[in-house]
Amino acid sequence: MKITALFTEERAVSPVIGVILMVAITVILAAVIGTFVLNLGGSIQDTAPQASFGFDYNSDTNVTITHQSGDTIDAARLKTAGLDAGSVDWDGHNGLTGSVSAGTSAEFNNTANWAGETVRVIWESETGESSATLSQSTAPTI
């Protein structure tokens, strides 16, 4: 074998294959950088808890909502909506602080008769980017 033939040989990878490889590398890098820049992976951890709530309508204007089963939830993440005053935070409501677990109850008052209105227990993520209705009930006509 001649050593000079090694340095003068002109065969190489096809230019088309080279272009395809460069495009593939560019697409992969753009996807990875885009994920970090847009924080697409950060919201995966903010999934709504699984919980069941019971609604006990005591009168035309009072409802007691009880966490019946499911995940323990931070009280600061829960709100009750459907009241005439808008939504009410669970944290600090009726002395409730910390976490809400099975058996925990909170009583909410409405100044007007809410017969037929929908009352919801809403969870909001810590970042405030997402929320979910965990349970809802339609108030009966009393």
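In β2, S69 is the bridge partner of S52. β1 and β2 pair in the antiparallel sense over seven bridges, two strands being paired if DSSP finds at least two bridges between them. Strands here are DSSP runs of E with at least two residues, numbered from the N terminus. The model is predicted, so local features need pLDDT of at least 70 and side-chain atom pairs count only at pLDDT 80 or more, whereas totals for chains, interfaces and linings use all residues. Residues are numbered from 1 along each chain as its sequence is written, and side-chain values use heavy atoms, with hydrogens and water left out.

Three strands form an open, antiparallel sheet in the order β1-β2-β7. β1 and β7 stand at the edges and have a single partner strand each, so one side of each lacks a neighbour in the sheet.

The largest nonpolar core has 21 residues, of which F53, F55, I65, L78 and W90 touch the most other members. Such a core is a set of buried Ala, Val, Leu, Ile, Met, Phe, Trp, Tyr and Cys residues joined through side-chain atoms within 4.5 Å; buried means under 20% relative accessible area (1.4 Å probe, protein chains only). The largest share of this core, four residues, comes from β1. Not counting residues up to four places away in sequence, W90 touches residues including F53, I65, L78 and F108, contact meaning heavy atoms within 4.5 Å.

H93 is found in the loop between β5 (86-89) and β6 (99-100). H93 is buried because its relative accessible area is 19%. A polar atom of the H93 side chain lies 2.6 Å from the backbone oxygen of E107.

Note on methods:
Buried < 20%, exposed > 50% of the residue type's maximum accessible area, 1.4 Å probe, protein only. Polar contact = N/O pair within 3.5 Å; in protein donor to acceptor, adjacent residues only side chain to side chain.
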